[in-house]
Amino acid sequence: MKLGISSYCLDREIEQGRMTLAEAIDWAAAHGAQCMELVPFAFRFDDPATGKIDTQAIAQVKKQARDAGVELCNYSVLADLCREGEAQRAEIDRLKHEIDIAAELGLPRMRHDVCAFRRPQGQNTPRDFERMLPRMAEAARELTQYGCSCGVQTLIENHGFFANGSDRVIRILDLVDDDNYGLLLDTGNVICVDEDPAIAARTLAPLCRMVHLKDFYIRTRDPGDSTQFDCAGSWFRSRGGRYLRGAILAQGDLDIEETLSALKHSEYDGHIVIEFEGMEDARYATSVGLHNARRIWDQV
């Protein structure tokens, strides 16, 4: 098992100019991270106007990680494969471009969503899922076949309120039915659809190619400042109506020990990256979470 962080943990630091991506890589190494996921929210590797890939910036990041001794393990992007016609084709082409970036970075895998995180709650029903399933799977199959030609494995993450939960994720994986398509299990995101993280870990461990490890506070009563989709430190609601807010790993309400035990005793031995999205100082929270993850993994 290799333990590390997602650059998403330090997104606010990078976005607000307090840290560059290169400095984030060095910071991760200094705090014991063995690997790092790249999430291009506060940075990007192409020109937003022309789409031209910045090979020089990519070369610098690869060298920075190599010199720091941090393995770059994944590239994660948002996507919505529930579109129609030309809009769907444009989204597939955009994601192929992202796969090209992942390949240039030398990354072994890329996670992309199959539906919008902010898909309206009223459109998350089982009937909606069954209707959209063939469309999502067909596009994901095309993308993973393209990824295979570039040496990049593509992953689905249980994310949001629609393509989340063990049953739905398995349905998508089974329908895509490609060896190059796998699962990035987010052990915290399953709580967004009110599923037990440890049970999900036991169920999905055989399909896992990578793991996001995170924690949440859970409340059953309105804490007073909740939104529906702003999960970066604010309270938001699960599909079943519970109130959730990101927490420092092992300081929230999820049973991190049970979840890590489920993964470890299922013989999962891949990359695990911390994903922090709470209110606390990002550097402090990420370093504590990384330490807690290593300590708990060694104990369970």
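**Close-up views of a predicted model**

View 1. Setting aside residues up to four places away in sequence, F45 touches L21, L38, K52, I53, D54, I58, V61, Y75, I101 and L105, where contact means heavy atoms within 4.5 Å. This is a predicted model, in which local features need pLDDT of at least 70 and side-chain atom pairs count only at pLDDT 80 or more, while totals for chains, interfaces and linings use all residues. Residues are numbered from 1 along each chain as its sequence is written, and side-chain values use heavy atoms, with hydrogens and water left out. The largest nonpolar core holds 94 residues, of which F45, Y75 and I172 touch the most other members. Helix α5 (residues 126-150) gives the most to this core, with eight residues. A nonpolar core is a set of buried Ala, Val, Leu, Ile, Met, Phe, Trp, Tyr and Cys residues joined through side-chain atoms within 4.5 Å. Buried means under 20% relative accessible area, exposed over 50%, and partly exposed in between (1.4 Å probe, protein chains only). Helices (H or I, at least four residues) and strands (E, at least two) are DSSP runs, numbered from the N terminus.

**View 2. The salt bridge between D46 and R44.** In the salt bridge that D46 forms with R44, the closest N and O atoms are 2.7 Å apart. D46 counts as buried, at 11% relative accessibility, whereas R44 is partly exposed, with a relative accessible area of 48%. A salt bridge is a side-chain nitrogen of Lys or Arg within 4 Å of a carboxyl oxygen of Asp or Glu. Side chains of opposite charge can pair when their charged atoms come close. The whole structure contains 23 salt bridges.

View 3. R89 and D93 both lie in helix α4 (residues 85-104), four residues apart, which is about one turn of the helix. Their side chains meet in a salt bridge (3.6 Å, N to O). R89 also forms a salt bridge with E142, with the closest N and O atoms 2.8 Å apart. Because R89 lies in helix α4 and E142 in helix α5, this pair ties together parts that are 53 residues apart in sequence. R89 is partly exposed at 37% relative accessibility, as is D93 at 39%. E142 is likewise partly exposed, with a relative accessible area of 25%.

**View 4. E98 and a network of salt bridges.** D80, R83, E91, R94 and E98 are linked in a network of salt bridges. Of these residues, E98 is found in helix α4 and is buried, with a relative accessible area of 12%. Apart from its neighbours within four places in sequence, E98 is in contact with Y75, V77 and M110.

**View 5. Strand β4 and its parallel partners.** Both faces of strand β4 (residues 109-112) are covered: R109 and R111 on one side, and M110 and H112 on the other, are all buried. Strand β3 (residues 71-77) pairs with β4 in the parallel sense over three bridges, with S76 having R111 as its bridge partner in β4. Strand β5 (residues 153-157) and β4 also pair in the parallel sense over three bridges, and R109 stands opposite Q153 in β5. Two strands pair if DSSP finds at least two bridges between them. Right-handed β-α-β units are made by β3, α4 and β4 and by β4, α5 and β5. A crossover is right-handed if, with the strands pointing away from the viewer, the path from the first strand over the helix to the second runs clockwise.

**View 6. L72 in strand β3.** L72 lies in strand β3 and counts as buried, at 12% relative accessibility. Not counting residues up to four places away in sequence, L72 touches M36, L38, V61, K62, A65, L107 and P108. L72 and M36 are 36 residues apart along the chain, with 5.0 Å between their C-alpha atoms.

**View 7. An open antiparallel sheet.** Three strands form an open sheet in the order β8-β10-β9, with antiparallel pairing. Strands β8 (215-219) and β9 (236-237) stand at the edges, each with a single partner strand, so one side of each is left without a neighbour in the sheet. β9 and strand β10 (residues 243-247) pair in the antiparallel sense over two bridges. The bridge partner of R237 in β10 is Y243.
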